[in-house]
Amino acid sequence: MIKPLGLGVLGLGEGRSIISAGVHSPLWQVVCLCDTNAALAQERCAEFGLNRYTTDYAELLADPAVDVVGIYTPDHLHADHIIQALHAGKHVICTKPFIDDLSRANEVLAAQQRSGKHVMVGQSTRFFAPFIRQRQHYESGALGELVTIEASYSADHRWFLSKPWAKQPTFKWLYGGISHPADLIRWYLPDVCEVMGYAYLSSNGRAGGLVNPDTYHFVLKAASGKIARVTGVYSCPTVPEERDSPMTCILRCERGASQADYHELRYAWKIGEQAAIESFEAQRAYYFRFGGVSHHAGEYQNYIEYFARCLARGETPKPDAAEGIVTVALLQAMDESTITGHPVKLETVLNRHQLKN
């Protein structure tokens, strides 16, 4: 029996899903919530039947009952919040994108190494039922060797622009949206070494007040020579879900092919003359507990329970800090390619910050 881990949650807007995950998991106990907005903290306590909150991060970090800090603050605060938690002797789970400034990467890695604590990036898509099934199917060898992978995340997110910070020059859909399919690519092709892509700001995005592009297409190349494709479109209507999925991952392999679809909770595969479409619809209430599909607490519960089991077994939860930093470097390379109109090598970005792949 695993002793429940004490969870402290920092950032209670995006952190709503991990709070739900923690209160419903036998492997966790939600100890304390923290946000600069006291009214929001009180609202979350009332929503989840909790009674402890603080507006002072230092107070949360000083609590010996907190084993792990879940960080769900704005991207530009992640590095400081991660380092502070590690200095306090806490394990860390941090939402994606892991950090927004690669000049802080070595500082984060050094803090993690000194602390001896674990850091995991909350790449939640890996922990959603169709993608779990796809990964297991691939690892079984039934599909054969991977030939290519296509991943996309396209959705009509014009509603998101009601958030004032979404219209700031610092906000880029590449980091908030493309980070999902880019992570799926690196999950299967960890040796991605070069990217080429184009980006465009649609008329819908301009009308909504966006400053940066909302439409992306990329081709990625691995050191092995294998290639992949990533797509993201965020201010346009979508086609019916029966025909397409807002978030999908397609593996094309030697002996078969498979496709995992997110909101539709389905997995399709074909090997030779055998084919099937598997549904996880019965788990919809587990994954999407509130807020329609804008919150997906089931994935969070899956990944915090994975984290707890890794700690109990003495294993390193993945993606860890080093992997998360390389994914950020990949996103930066993708961003640079859209600006320069030329391919960008991942090594170039990493070397710029004295980092290794």
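In this predicted model, the count of aromatic pairs comes to 21, where rings of Phe, Tyr and Trp (its six-membered ring) pair if their centres lie within 6.5 Å, and planes under 30 degrees apart are called stacked, over 60 edge-to-face and the rest tilted. Helices (H or I, at least four residues) and strands (E, at least two) are DSSP runs numbered from the N terminus. Tyr72 counts as buried at 3% relative accessibility, and Tyr300 counts as buried at 9%; buried means under 20% relative accessible area, exposed over 50% and partly exposed in between (1.4 Å probe, protein chains only).

The rings of Trp159 and Phe160 make an edge-to-face pair, because their planes stand at 80° with the centres 5.5 Å apart. Trp159 is partly exposed, with a relative accessible area of 47%, whereas Phe160 is buried at 12%. Ring pairs also join Phe128, Phe131, Tyr262, Tyr286, Tyr287 and Phe288 into a cluster. Tyr286 has Arg289 over its face, at 4.9 Å from the ring centre. The charged end of Arg135 sits over the ring of Tyr188, 4.8 Å from its centre. A charge is taken to sit over a ring if NZ of Lys or CZ of Arg is within 6 Å of the ring centre and within 35 degrees of the ring normal.

Tyr188 is also one of the buried residues of H8. Helix H8 (residues 179-188) is largely enclosed by the rest of the structure, because 10 of its 10 residues are buried. Among them are Ser179, His180, Asp183, Arg186 and Trp187.

Ser179 also belongs to the lining of the largest cavity, together with Lys96, Pro97, Phe98, Val121, Gln123, Gly324, Thr327, Val328 and Leu331. The lining residues divide into 5 nonpolar, 4 polar and 1 charged; Ala, Val, Leu, Ile, Met, Phe, Trp, Tyr, Cys and Pro count as nonpolar, Asp, Glu, Lys and Arg as charged, and the others, Gly among them, as polar. On a 1 Å grid over the protein atoms alone, a cavity is a set of points where a 1.4 Å probe fits but cannot get out, a pocket is an open set with protein on both sides within 12 Å along at least five of seven lines, and lining residues have an atom within 4 Å of a point. Grid points are joined across faces, edges and corners, and a volume is the space filled by probe spheres set on the points.

The second largest pocket holds about 320 Å³ of space. It is lined by 17 residues, of which Ser152, Ser154, Thr231, Asp244 and Ser245 are the closest to its centre. Strand E7 (146-154), strand E10 (227-233) and strand E11 (247-253) each supply at least two lining residues, and E7 gives the most, with 4. This lining divides into 7 nonpolar, 6 polar and 4 charged residues.

E10 also pairs with E9 in the antiparallel sense, over 7 bridges; two strands pair if DSSP finds at least two bridges between them. Lys221 has Ile227 in E10 as its bridge partner. The hairpin of E9 and E10 has 4 residues between the strands, and Gly225 there takes a positive phi near 100°. Strand E8 (residues 192-200) and strand E9 (residues 215-222) pair in the antiparallel sense over 8 bridges, with Thr215 in E9 as the bridge partner of Tyr200.

The peptide bond from Lys96 to Pro97 is cis, with omega near -15°, and Pro97 is found in the loop between strand E5 (91-95) and helix H5 (105-115). Another cis peptide bond joins Lys318 and Pro319, with omega about 0°; Pro319 is found in the loop between H11 and H12. Leu265, a residue other than glycine, has a positive phi near 50° and counts as buried at 0% relative accessibility.

Residues are numbered from 1 along each chain as its sequence is written. Local features need pLDDT of at least 70 and side-chain atom pairs count only at pLDDT 80 or more, while totals for chains, interfaces and linings use all residues, and side-chain values use heavy atoms, with hydrogens and water left out.
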